[in-house]
Amino acid sequence: MTNAGRQGSGSGVVVAKNLVATNCHVLANSVGVNVAAMGETYAPVGVRADWKHDVCILRFEFLPLKPVIFADNDQLIYEAATFSVGFPGGAPKPLTTTGKIKALYPLDGGVVIRTSASFQMGASGSPLFDEQGHLIGMNTFKSPGANGYFYNVPAKWIQTAIKLPETSTVILGDTPFWDLPLEKRPYWMQVVLPMQAGKWVDLFTVATEWNKHQPNQPEAIYYLALAEKNLGKVTQAKAKFEQVLSLNPQHTSSILALTIIAKEQGSAIELKDFSQKLSVLDEAALESLNLNAK
């Protein structure tokens, strides 16, 4: 129940005996919290909170649910299959969504995960699993717009939050990193709006700053290349897309960009090579190019 007298909802995942992880923003402004599972409700007796990273741990007594198994966040790769289980919109039964890892962003000792699987309001706190059913992250936030990106905080942050001091009630703390003023958010968040709006000069400016701070970060190089391509600097952009692939051979977005460049330049050999690579990683992206169109 919120301070305004309304009932809010979110999702969570059992991460250890009697411990449930969810996003702190799910608990914000609440005057009472409980967990519903298997037709029963349970009230927490303690809270451990990492507000900056939006990870909260609720402790219960006698919670009859088996905890998940954690995956190794350091072994995540692009295009790996994922699935998530949550209760968006207060659904009466869990909704499972599937997708792939599209980007990995190192941050504060963990790796924020962007997936192709969408999620809705109420799905915050839903667990994100790998193909083996091991926990890799938690649905947390999306970027604005119809074609927004979907992000998950890493399981490693959950493991860290489990060890935090406990309070008896929810005490509001720091603003989550993703909800800070735009200029204070990570660069990988700052590039999204100019990219979606096609403001290539603005994207070039942000991506240039990002590259200054993280010169060997594949995503930083990718967004700089994307800006350059759309500003007509195709030769420079092509070299940067190839640099991204030298750092991360499974960077689908760079392969897609190089496939488009090869098509535009009429380079049959490169078009065939990049198309084959793309077909292995993302068949849907390859089909969207309509390479057979005249």
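The model is predicted, so local features are reported at pLDDT of at least 70 and side-chain atom pairs at pLDDT 80 or more, while totals for chains, interfaces and linings use all residues. Residues are numbered from 1 along each chain as its sequence is written, and side-chain values use heavy atoms, with hydrogens and water left out.

**Strands and their partners**

- Helices (H or I, at least four residues) and strands (E, at least two) are DSSP runs, numbered from the N terminus, and two strands pair if DSSP finds at least two bridges between them.
- A residue is called buried under 20% relative accessible area, exposed over 50% and partly exposed in between, with a 1.4 Å probe and protein chains only.
- In strand β12 (residues 150–154), 5 of the 5 residues are buried, so this strand is largely enclosed by the rest of the structure.
- Strand β9 (residues 110–115) pairs with β12 in the antiparallel sense over 3 bridges, and the bridge partner of I113 in β12 is N152.
- Strand β11 (residues 135–142) also runs antiparallel to β12, joined to it by 5 bridges, and here G137 has P154 of β12 as its bridge partner.
- Strand β5 (residues 46–50) has 4 of its 5 residues buried, so β5 too is largely enclosed by the rest of the structure.
- β5 and β6 form an antiparallel pair over 5 bridges, and in their hairpin, which has 4 residues between the strands, D54 takes a positive phi near 60°.

**The disulfide and a buried loop residue**

- A search of the whole structure finds 1 disulfide, a term that stands for a pair of cysteine sulfur atoms within 2.5 Å.
- The disulfide is formed by C24 and C56, whose sulfur atoms are 2.1 Å apart, and the link is right-handed, with 100° about the S-S bond.
- Because C24 lies in helix α1 and C56 in strand β6 (residues 55–59), the pair ties together parts that are 32 residues apart in sequence.
- Both C24 and C56 are buried, and A49 stands opposite C56 in β6.
- N23 lies in the loop between β2 (19–22) and α1 (24–27), and N23 is buried, with a relative accessible area of 0%.
- Contact means heavy atoms within 4.5 Å; leaving aside neighbours within four places in sequence, N23 is in contact with D54, S124, G125, M138, N139, T140 and V153.

**Nonpolar cores**

- A nonpolar core is a set of buried Ala, Val, Leu, Ile, Met, Phe, Trp, Tyr and Cys residues joined through side-chain atoms within 4.5 Å.
- The largest nonpolar core has 64 residues, and those with the most contacts inside it are V15, I57, F177, W188 and Y223.
- Helix α6 gives the most to this core, with 8 residues.
- Apart from this core lies another, of 13 residues, among them L27, L58, F60 and L63.
- F177 is placed in the loop between α2 (155–161) and α3 (187–190), and counts as buried at 5% relative accessibility.
- Not counting residues up to four places away in sequence, F177 touches several residues, including L107, V112, F141, W157 and W188.

**Helix α8**

- At 1.5 Å a residue, the 14 residues of helix α8 (residues 252–265) should span 20 Å, and the end C-alpha atoms are 20 Å apart, which agrees; the expected span is 1.5 Å times one less than the number of residues.
- The buried residues of α8 include T252, I255, L258 and I261, and what covers the buried residues includes α6 (218–230), α7 (234–247), α9 (268–281) and α10 (283–289).

**Salt bridges**

- The whole structure holds 11 salt bridges, each being a side-chain nitrogen of Lys or Arg within 4 Å of a carboxyl oxygen of Asp or Glu.
- The side chains of E166 and R59 meet in a salt bridge at 2.9 Å, N to O.
- E166 lies in the loop between α2 and α3 and R59 in strand β6, so the pair ties together parts that are 107 residues apart in sequence.
- E270 and K238 form a salt bridge in which the closest N and O atoms are 3.0 Å apart.
- This pair links distant parts of the chain, with E270 in helix α9 and K238 in helix α7, 32 residues apart.
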